[in-house]
Amino acid sequence: SDEYAIFYKRLIHLVFLSEGGEEQMTDEEINDAMKNDFKSDSGNDGSVSKEEFRYSVFQLADQWTNSCEVEEYVDFLKKGFEVVFSDLI
């Protein structure tokens, strides 16, 4: 979906910020990764429900943090909210 594509491109920016680097993926690579992740996140019905979205955000935080400490997850998610959504609200 278009919403997912917009979200995903912002998310890619967050992930690269978390690594301390600049974006190094081409638009084609981002689109391919987005299609694969959408397929994984949406399951069999081709849409991402609120519950599937919540789970994918948890997986993202789990993958891009170095520990299972609550504070680290919260810091990552706060940064993620700023990067992905701040200009939308």
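1. Contact here means heavy atoms within 4.5 Å. On that basis, residues 24 or more positions apart account for 48% of the contacts in the chain with a separation of 6 or more.

2. This is a predicted model, in which local features need pLDDT of at least 70 and side-chain atom pairs count only at pLDDT 80 or more, while totals for chains, interfaces and linings use all residues. Residues are numbered from 1 along each chain as its sequence is written, and side-chain values use heavy atoms, with hydrogens and water left out.

3. The chain has 4 helices and 0 strands, in the order α-α-α-α along the sequence. Helices (H or I, at least four residues) and strands (E, at least two) are DSSP runs, numbered from the N terminus.

4. Of the 89 residues in the chain, 25% are buried; buried means under 20% relative accessible area and exposed over 50%, with partly exposed in between (1.4 Å probe, protein chains only). The chain exposes about 6,600 Å² (Shrake-Rupley method, 1.4 Å probe), and carbon and sulfur atoms supply 51% of this area.

5. Helix H3 (residues 50-64) packs against helix H4 (residues 70-85) at an angle of about 115°, with the axes 10 Å apart. The axes are lines fitted to C-alpha atoms over the stretch in contact, and angles run from 0 to 180 degrees between N-to-C directions.

6. On the H3 side, the contact is made by Phe53, Val57, Phe58, Leu60, Ala61, Asp62 and Trp64; H4 contributes Tyr73, Phe76, Leu77 and Phe85. These residues divide into 10 nonpolar, no polar and 1 charged, where Ala, Val, Leu, Ile, Met, Phe, Trp, Tyr, Cys and Pro count as nonpolar, Asp, Glu, Lys and Arg as charged, and the others, Gly among them, as polar.

7. Leu11 is in contact with Leu60 and Val84, leaving aside its neighbours within four places in sequence.

8. Glu82 lies in helix H4 and is exposed, with a relative accessible area of 53%. The C-alpha atoms of Glu82 and Leu14 are separated by 9.2 Å, although these residues are 68 residues apart along the chain.
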